[in-house]
Amino acid sequence: MDNKSSVYCAFFDATKAFDRVNYCKLFRLLVRRNLPPLLLRVMLNFYISNFVRVSWSGYFSEYFLAKNGMKQGGVLSPVLFCVYLDELLHTLLAAKVGCYVGDLFVGALAYADDLVLTAPSATALRKMLAIWDVYGSEYSMNFNAAKSKCMVVLPSCRRYLAPLLSKSVFNIGGSSMEIVSSYCHLGHIISSSLSDEQDIMSRRNRVMLSSVR
């Protein structure tokens with residue numbers, strides 16, 4: 001913003017991201033990272049022999065084999081998911097169309113399965129979304145367009161473009177994403193006006209509600 005650049009943001013909802021990790025893809029990525037073969041065999045055995053059952057109202061289903069997905073709550077699960085997602089982040093970096101702060105690429109920000117793209121223009125964001133679609137198809141990752149949102153932050157010299165933003169279209173998985181003026185990301189409300197007022201009011205209301213209870 002200090003350099004008079006617009007910032008086009010896309011906030012993603014990866015549908016059941018941990019559950020969709022493909023074992024074949026994951027372990028090929030681990031092999032490429034030159035992990036010791038013995039360690040790979042132990043981890044592979046953990047996952048390909050992973051039997052689970054469903055609990056509902058005190059009743060249990062029969063055990064069945066889980067053929068994909070990370071173990072919920074597993075110590076290794078977040079680390080392995082980062083490895084799985086890293087391929088996408090490197091592809092986006094190589095495309096060189098996202099936002100930079102100096103020489104630092106900040107076009108793709110990820111915290112587990114909370115994912116954000118930032119681009120300096122609508123065209124750049126659409127190119128990055130196309131990369132995401134290819135990755136999602138290859139790595140069995142679905143991005144929920146209904147829950148994913150776009151937000152555009154304009155510098156003061158380009159505020160006149162604000163009325164045109166509602167006509168912009170950004171697609172993921174063949175469906176368009178809603179353009180919003182604010183979005184709650186990792187518990188904080190981010191506003192296109194760069195104001196903290198909504199976030200502060202939201203936190204104040206939570207404190208007042210908890211004190212009433």
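1. In which helix does Lys 25 lie? Lys 25 lies in helix H1, where helices are DSSP runs of H or I with at least four residues, numbered from the N terminus. The model is a predicted one, in which local features need pLDDT of at least 70 and side-chain atom pairs count only at pLDDT 80 or more, while totals for chains, interfaces and linings use all residues. Residues are numbered from 1 along each chain as its sequence is written, and side-chain values use heavy atoms, with hydrogens and water left out.

2. Lys 25 counts as partly exposed because its relative accessibility is 23% (buried is under 20% relative accessible area, exposed over 50%, partly exposed in between, with a 1.4 Å probe and protein chains only). Leaving aside neighbours within four places in sequence, Lys 25 is in contact (heavy atoms within 4.5 Å) with Tyr 84, Glu 138 and Tyr 139. Lys 25 and Tyr 139 are 114 residues apart in sequence, yet their C-alpha atoms are 7.0 Å apart in space.

3. Helix H1 (residues 23-32) packs with helix H2 (residues 37-48) at an angle of about 170°, the axes being 11 Å apart; axes are lines fitted to C-alpha atoms over the stretch in contact, and angles run from 0 to 180 degrees between N-to-C directions. H1 is therefore roughly antiparallel to H2 (angles over 145 degrees). Tyr 23, Phe 27, Leu 30 and Val 31 of H1 make the contact with Leu 40, Met 43, Leu 44 and Tyr 47 of H2.

4. Ser 77 lies in helix H3 (residues 77-95) and counts as buried, because its relative accessibility is 1%. Leaving aside neighbours within four places in sequence, Ser 77 is in contact with Phe 18, Tyr 47, Met 70 and Lys 71.

Methods:
Helices (H or I, at least four residues) and strands (E, at least two) are DSSP runs, numbered from the N terminus. Angles under 35 degrees count as roughly parallel, over 145 as roughly antiparallel, 65 to 115 as roughly perpendicular and the rest as oblique.
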